[in-house]
Amino acid sequence: RQALLVPALLETTEAEAALAEQHAGELDAAGFAVDRVGPATLAVREVPVAIAGQDVAGLLADALADLGAGAAAHRIDGSQNELLANIACRSAVRANRQLTVPEMNALLRDMERTERSGQCSHGRPTWTRLSLAELDRIFLRGR
């Protein structure tokens, strides 16, 4: 866990704030220390080290949306791993984000060490293999 110097405040609906209280144990197990500080306001005091420095309020809002949807659709079984997988997916490198060469190398080394790194937690591929012929076709070589 990483304690935040200044708690991140998240304005929610009263239902979402109640949902955070209801699932406090799951959020705590996932590394979040969240307190309800108002009828529709949450204070995030600690986050998992892996997401420190990210948009904490946005990630928590997404996690609450998942928990809310899971309560109705039985998508989320309350396990720590699934909650963390959804948070990881939302905090992943996005399209058009410029990475430095050391960041790219670190990402590739991490993928080599990670079990089932060929797909995200939703089953989408994280990489693909192209043959030389496919690359030539994409870039219209030989025409």
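Colleague: Which residues have the most contacts inside the largest nonpolar core?
Modeller: In this predicted model, the largest nonpolar core has 16 residues, and those with the most contacts inside it are L10, L27, F32, L42, V44, L60 and L64. Such a core is a set of buried Ala, Val, Leu, Ile, Met, Phe, Trp, Tyr and Cys residues joined through side-chain atoms within 4.5 Å, where buried means under 20% relative accessible area with a 1.4 Å probe, counting protein chains only.

Colleague: And which element gives the most to this core?
Modeller: That is α3, with five residues, while β1 (2-11), α1 (14-22), β3 (41-47) and α3 (56-73) each supply at least two.

Colleague: How do the elements run from the N terminus on?
Modeller: They run β-α-α-β-β-α-α-α-α, which comes to six helices and three strands; these are DSSP runs numbered from the N terminus, with helices being H or I of at least four residues and strands being E of at least two.

Colleague: New topic: where is confidence lowest?
Modeller: Among the helices and strands, take helix α4 (residues 80-90), with a mean pLDDT of 67, against 92 in strand β2 (residues 33-38); pLDDT is the predictor's confidence in each residue, from 0 to 100. Over residues 72-79 the pLDDT is below 50.

Colleague: How should coordinates be read where pLDDT is low?
Modeller: They should not be read in detail.

Colleague: What rules sit behind your values?
Modeller: Local features need pLDDT of at least 70 and side-chain atom pairs count only at pLDDT 80 or more, whereas totals for chains, interfaces and linings use all residues. Residues are numbered from 1 along each chain as its sequence is written, and side-chain values use heavy atoms, with hydrogens and water left out.

Conventions:
Buried means under 20% relative accessible area, exposed over 50%, partly exposed in between (1.4 Å probe, protein chains only). Contact means heavy atoms within 4.5 Å.
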